[in-house]
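Trainee: I would like to go through the labels on this model one by one. Please set each value against its rule.

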Amino acid sequence: MTETVWIMMWLPLVVMGLFVLKWLLKRVNVWIYESKLGEKRHYLPPGDLGWPFIGNMLPFLRAFKTSDPDSFIRTYITRYGHNGVYKVHMFGNPSVIVTTPETCRKVLTDDDCFQPGWPKSTMELIGKKSFIGISFEEHKRLRRLTAAPVNGHEALSVYIKYIEETVVTALENWSKMGEIEFLTHVRKLTFRIIMYIFMSTESEHVMDALEREYTNLNYGVRAMAINIPGFAYHKALKARKKLVAAFQSSVTNRRNQRKQNVSTNKKDMLDNLIEAKDENGRTLEDEEIIDVLLMYLNAGHESSGHTIMWATIFLQEHPEILQKAKEEQERIVKKRAPGQSLTLKETREMEYLSQVIDETLRVITFSLTAFREAKSDVQMNGYIIPKGWKVLTWFRDVHLDPEIYPDPKKFDPSRWEGYTPKAGTFLPFGLGSHLCPGNDLAKLEISIFLHHFLLKYRVERSNPGCPVMFLPHTRPKDNCLARITKTAP
Ligand code: HEM
């Protein structure tokens, strides 16, 4: 028989075999997770659980590596309709993605039905004793203890002077440095601020080293949990080890200082955590303090750093918006007594700037999703989310819904003028018992930065057309390589 005849005979069999194999593999997750649900499986939301082990991670990662990350969720909408609830298998778990304001709101605010459900890999990196791993009661207690010192008028008035001085010095320095990675420097700036508030640390050397480790940690948070050298998750675990060691030495030093009654200039969050006692008089162990610190310092600098960078880029890209925002800041400065520095009252008068910030938070949606877990079988939009399944609140889709925000990708701060978003339609800081405790601080930092930027500086990007990366967070691939130059003395 000739070679051609062999190929003609076997090719259909091979092709058929591959189809059967694909069909079988696609059934594995269904068998593992759906068949045990009995009759309830008929009420699961539409969607598919993808391949064994990796689930739907490949289409997710593929879409988020292109310039159109929303193509991932669009596939579900096109295939299964605009239900707002889809079953998937992501980050190692059978899950349901919810994409509408109503469903996101229900998941975030109903603590009887849902609890934090972050993937195991995130928990390993951020810490089992951080807010994503502890019990409901413990979370409530630690939140009360830690949120007050970073939120509200009284707390913010303590930090405003430090934030302003740090911003002014940073902008001045950057303007002398020529081309810089703007994002990297803004992240260092926001890290410096949060380190000061939490640990009263100002050592340049320590901060640079820690911030670098945080960068590695975050690359691992949204990656596949593959603990093999060369993979982002493996590098992130190593970064966590270094961060824990650094925080351990700070906690030990602080405990020793307190034993020896060495007075420090101010009481910070580390002092609060060391002093905290529960109703039975139990104090926090080092491991608990370290995980809470590690989480706060991460959440408290990455997000505000990215938002500051994007707001600055958007302003610079839209001269008419920049001009309007600048005029508002000039009006505020004109009213000010000579020599007086920025006040909280003034930041509350920055109405247009606040619209610029809200629009940046909407367009960028720094937190793509929050993770929860169903505590029992939960009915939603006529479907059942089975007990134990994860739920991902897809904030990005809510913020880019053209029915809520016409021409959603357009940066248009004026859409916020006289507009109060309906419940669940604007969730940059989440909602419910895990609502971001740093939202006021973040808005204050961003406002102070933009105030000084608008009055005196401009940013010239080296590669304005540079591609945008969407994981772990939305950023220009070149970390916004740019020159910061002065427009006024
Ligand atoms: C633009 C800046 C910020 C954005 C977009 C942002 C976004 C968010 C979002 C969406 C959540 C909710 C997560 C969930 O529901 O599971 C959250 C939680 C959190 N954020 Fe922020 N955040 C920002 C700034 C900050 C700052 C400055 C701090 C530090 C003071 C901070 C500390 C935290 C903490 C500790 C949590 C966990 C709260 C909990 O689980 O109870 N964030 N943030």
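Predicted model: local features only at pLDDT ≥ 70, side-chain atom pairs only at ≥ 80, totals over all residues.

Trainee: Where is Phe-91, and what is its phi?

Mentor: Phe-91 sits in the loop between β1 (85–90) and β2 (93–98). Helices (H or I, at least four residues) and strands (E, at least two) are DSSP runs, numbered from the N terminus. Its phi is near 50 degrees, a positive value in a residue other than glycine.

Trainee: What makes Cys-480 count as buried?

Mentor: Its relative accessibility is 0%, so Cys-480 is buried. Cys-480 lies in the loop between β11 and β12 (481–486). Its phi is positive, about 60 degrees, although Cys-480 is not a glycine.

Trainee: How do you know how many disulfides there are?

Mentor: A disulfide is a covalent bond between the sulfur atoms of two cysteines. The rule asks for a pair of cysteine sulfur atoms within 2.5 Å. By this rule the count is zero. Take Cys-104: the nearest cysteine sulfur is that of Cys-113, 15 Å away, and Cys-104 is in no disulfide. Cys-113 is in no disulfide either, with the sulfur of Cys-104 as its nearest, at 15 Å.

Trainee: Why are Cys-104 and Cys-113 called buried?

Mentor: Cys-104 has a relative accessible area of 0%, so it is buried. Cys-113 has 16%, so it is buried as well.

Trainee: What makes a set of residues a nonpolar core?

Mentor: The members are buried Ala, Val, Leu, Ile, Met, Phe, Trp, Tyr and Cys residues, joined through side-chain atoms within 4.5 Å. The largest such core here has 138 residues, and those with the most contacts inside it are Phe-60, Phe-72, Trp-174, Phe-198, Trp-394 and Phe-449. Helix α12 (residues 286–317) supplies the largest share, 15 residues.

Trainee: Which residues does Phe-60 touch?

Mentor: Contact means heavy atoms within 4.5 Å. Leaving out residues up to four places away in sequence, Phe-60 touches Phe-72, Met-90, Phe-91, Leu-368, Trp-394 and Leu-471.

Trainee: What makes a space a cavity, and what makes it a pocket?

Mentor: Both come from a 1 Å grid over the protein atoms alone. In a cavity, a 1.4 Å probe fits at the points but cannot get out. A pocket is an open set with protein on both sides within 12 Å along at least five of seven lines. Lining residues have an atom within 4 Å of a point. Volume is the space filled by probe spheres set on the points, and the points are joined across faces, edges and corners.

Trainee: How many cavities does the search find?

Mentor: Four, each of 30 Å³ or more. The largest cavity has a volume of about 1100 Å³. Of its 46 lining residues, Trp-118, Ala-299, Ser-367, His-434 and Cys-436 are the closest to its centre. Helix α12 gives the largest share of that lining, nine residues.

Trainee: And the pockets: what is the volume of the largest pocket, and which residues line it?

Mentor: The largest pocket holds about 820 Å³. It has 37 lining residues, and Phe-64, Val-468, Met-469, Phe-470 and Leu-471 are the closest to its centre. Again α12 gives the largest share of the lining, four residues.

Trainee: What kind of peptide bond joins Leu-471 and Pro-472?

Mentor: A cis peptide bond, with omega about 0 degrees. Pro-472 lies in the loop between β10 and β11 (475–476).

Trainee: Last one. Why is Trp-416 called buried?

Mentor: Trp-416 has 6% relative accessibility, so it counts as buried. Trp-416 is in the loop between α16 (395–399) and α17. Beyond its neighbours within four places in sequence, its contacts include Gln-355, Asp-358, Glu-359 and Arg-362. Glu-359 is 57 residues apart from Trp-416 along the chain, yet their C-alpha atoms are separated by 7.6 Å.

Methods: Residues numbered from 1 in each chain as written. Heavy atoms only, no water. Buried < 20%, exposed > 50% of the residue type's maximum accessible area, 1.4 Å probe, protein only.
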